[in-house]
Amino acid sequence: MQISPSNLSADFANLERELRRISNADWAHVDVMDGHFVPNLTLGLPVVEALAKVSPIPLDCHLMIDDPDRWAPQYAEAGGSSVTFHIEAAGDPRRVARDLRAAGARAGMAIKPGTAFAPYADLLPDLDMVLVMTVEPGFGGQSFMADQMPKVREVREAVRRHGGDIWVQVDGGVSADTIEQCAEAGADVFVAGSAVYGAQDAAAAVEELRALATAHRHG
Ligand code: DX5
Ligand code: ZN
């Protein structure tokens, strides 16, 4: 069970220091927003490149951008160890996933709350992770959408049938109050922004989340 704290809730004026606060996490979740795919704009390639040089843990880049077909592989080249694109934005998602792997990254596909998984299940052979959004992408600190748990179960079942080392990630409103149901539904990678960076002791928050998820691991 892996924890990936989101830097969207971190102090953007001190991103390196904020990475050190979560050095006990498994991944550093980097929310890339272009102001088009989502109504918010955060950071891009130059910042990801700089963070990759100083981060004590690997970068998990979540691309909430238009045209990932063009840009996604460049995030892998910039140092993203895992790069996730949104299926709603991809022109040729299988090509994007293969380009990400060719660039040395784990390839992730994200699906918004209103998007069904079934039409894209045949992409699993080219994927290393499926991200089920548990909020509408664009902002941190939103309420957790429990109605996405059936989709997490559906993805977990498809991954089980397919076999292979494909991870199931959830992102949005994940906290000590909501992580258990995510784990029971089948998630094994957990993004948490405000629950970690809003805590006095971010490292302790990471440990608590990991312990709760592990105690409620799906069957
Ligand atoms: C939202 C981002 C999330 C967000 C999570 O679009 O993709 O990663 O930062 O923040 P919390 O955990 O506060 O909901
Ligand atoms: Zn995210």
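The legends below describe close-up views of a predicted model.

Local features are reported at pLDDT of at least 70 and side-chain atom pairs only at pLDDT 80 or more, while totals for chains, interfaces and linings use all residues. Residues are numbered from 1 along each chain as its sequence is written, chains are lettered from A and ligands numbered from 1 in the order in which they are written, and side-chain values use heavy atoms, without hydrogens or water.

**View 1. The zinc ion (ligand 2) and its donors.** His29 (NE2), Asp31 (OD), His62 (ND1) and Asp171 (OD) coordinate the zinc ion (ligand 2) at 2.1 to 2.3 Å. Donors are N, O and S atoms within 2.8 Å of the metal (3.2 Å for Na, K and Ca); water is not among the atoms, so sites may look incomplete. Along the chain, the donors are spaced as H-x1-D-x30-H-x108-D. Asp31 belongs to strand S2 (residues 28-33) and His62 to strand S3, so the pair ties together parts that are 31 residues apart in sequence. Strands are DSSP runs of E with at least two residues, helices are runs of H or I with at least four, and both are numbered from the N terminus. Asp31 and His62 are both buried, where buried means under 20% relative accessible area, exposed over 50% and partly exposed in between (1.4 Å probe, protein chains only).

**View 2. Asp67 in the loop between strand S3 (59-64) and helix H3 (68-77).** Asp67 is not a glycine, yet its phi is positive, about 55 degrees. Asp67 counts as partly exposed because its relative accessibility is 35%.

**View 3. Ser82 in strand S4 (residues 80-86).** Why does Ser82 count as buried? Its relative accessible area is 2%. Leaving out residues up to four places away in sequence, Ser82 touches Trp27, Leu59, Asp60, Cys61, Arg106 and Met129. Contact means heavy atoms within 4.5 Å.

**View 4. Thr115 in the loop between strand S5 (106-111) and strand S6 (129-133).** Thr115 counts as buried because its relative accessibility is 14%. Apart from neighbours within four places in sequence, Thr115 is in contact with Ile87, Glu88, Tyr120 and Lys151.

**View 5. Residues of H3 that meet residues of H4.** On the H3 side are Pro68, Asp69, Ala72, Pro73 and Ala76; on the H4 side are Val96, Asp99 and Leu100.
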